[in-house]
Amino acid sequence: MRFVSSLEPRKNQASSLIGKARRIIKNCQKEGVVELEKATCGKGLDIPLEITEKAADFLSEPVRVSLERIVRIQEKIALKQYETLRPSHLKPTAGIKITQNVKRLEKMAVSASGVWGEEIPESLASILISARIAGVPDRILLLKPDENGGISPVSLYTAGLAEATKIFRAGGNSGMVALQSGFLGKIPDKHFLVGGDRIERTVYQELCAKHQLPVLDLAILLDSKSSIEPVIEMMKAWVQDEPDSAIQLFSTSKRVINRIQNHLENYEINNEKEWWWPDFKKIPIMMLETSDDFIDVFRNCAVRYMIMLIEDSDKIYNNLTYVDHAVSGDVIPSMISKRVLSAGVINSDFSNSSQGVFAFLRTSTFEKIGTQAGNRLKNRFSILDRLDL
């Protein structure tokens, strides 16, 4: 222990430790499943779920009762957390509908020790139970075997109580690399590590950082029917309000993009000396072939604020998990949405820290604004903007 006079920042991992972790990751990726199978000692990677019930025969009654009681407590806590997140609907005025949705993740995984012993893996149970209560359908468990390929009956019994849907005799560095490299199926949306030594924690952090979702502050979705001038004004206002924002346009119509580019050429004559103009000109554009491509793109990208100036906006939104706030409707209402409503905008958190049920659920807000409602709000703004104070 030591005394300090001020707060100290968290220490970063030593560069030598990070370098070692990266070499381990590279080697495990090269070896693939072969590296995993060595640790099983011929017992196989897959552990049948029915084995979790048989594990009870190797545990004393006090151990079983203790595990069951702990799991019941954790279930009650998770259920109470889940009750605080419910979908809701709001119509603040005619022509505007705001919906708060709660979306679950599709797949999670947790790595833990599976060594022989009677230690109680309460952290393992808590994570799996929270994922189950949140409704995550695929709950994967990686149990690191001992030197003989053995797995603790305590860990197996806990996996059964917490209702893991798939169990692998894998873990440690090779198991985590295999999981995050897709050797064990689809890469999970979130991955947790229970325990682990310093090098395992460093490998885990490197893997999570590598698969962290890119985040956009503003995404504007366009199709062939989208208007041009209001889109320009919308982007200009955002660049001026939040100059460090990550903004990007997505369009299924080359004609619309050409119109935007032609508009910008004329626009530049009057605005090239403005401080925001260089950033404005650098806003990237992504061309897509169909509206379904919107779904594919945003499966691997998180968005703080999305403007959907497209048909089938409901379909697109309902298939997106990592969007905090989406707005659909006429272009003009979309422009004023952030100024007047700003309902439910939540900063994205895609860390792999354990937060109970909240770690597996995403709360997002969807606004649908009609043309008449947008024009009414626009008129109100015009009156306010003319005030002479």
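Mentor: Start with Glu106. This is a predicted model, and in it Glu106 has a relative accessibility of 37%, so it counts as partly exposed. Its partner is Arg104: the two side chains form a salt bridge, 3.6 Å from N to O. Arg104 comes out at 40% relative accessibility, so Arg104 is partly exposed too.

Next, take Lys368 and Asp314. Their side chains meet in a salt bridge at 2.9 Å, N to O. This pair ties distant parts of the chain together. Lys368 sits in strand β13, residues 361-369, and Asp314 in helix α13, residues 313-318. The two are 54 residues apart. Lys368 has 34% relative accessibility, so it falls in the partly exposed class. Asp314 has a relative accessible area of 33%, so it is also partly exposed.

Strand β13 also carries Arg362. The side chain of Arg362 makes a salt bridge with that of Asp324, at 2.5 Å from N to O. Again the link spans distant parts of the chain: Asp324 lies in strand β12, residues 323-329, and the partners are 38 residues apart.

Arg72, Glu75, Arg132 and Glu163 are joined by salt bridges that share partners.

Now the cavities. The count is one cavity of 30 Å³ or more. The volume of the largest cavity is about 30 Å³. Its lining consists of Cys28, Gly32, Glu35, Leu36, Ser174, Val177, Ala178 and Phe183. By class, that lining holds five nonpolar residues, two polar and one charged. Two helices, α2 (33-40) and α7 (172-180), each supply at least two of the lining residues. Helix α7 gives the most, with three.

Last, the cysteines. The structure holds zero disulfides. A disulfide would need a pair of cysteine sulfur atoms within 2.5 Å. Cys41 has 43% relative accessibility, so it counts as partly exposed. Cys301 has 9%, so it counts as buried. Cys28, as noted, is one of the residues lining the largest cavity.

Terms used:
Residues numbered from 1 in each chain as written. Predicted model: local features only at pLDDT ≥ 70, side-chain atom pairs only at ≥ 80, totals over all residues. Heavy atoms only, no water. Buried < 20%, exposed > 50% of the residue type's maximum accessible area, 1.4 Å probe, protein only. 1 Å grid on protein atoms, 1.4 Å probe; cavity = no way out; pocket = protein on both sides within 12 Å on 5 of 7 lines; lining within 4 Å. Points joined across faces, edges and corners; volume = space filled by probe spheres on them. Helix = DSSP H or I, 4+ residues; strand = E, 2+ residues; numbered from the N terminus. Nonpolar A, V, L, I, M, F, W, Y, C, P; charged D, E, K, R; others polar. Salt bridge = Lys/Arg side-chain N within 4 Å of Asp/Glu carboxyl O.
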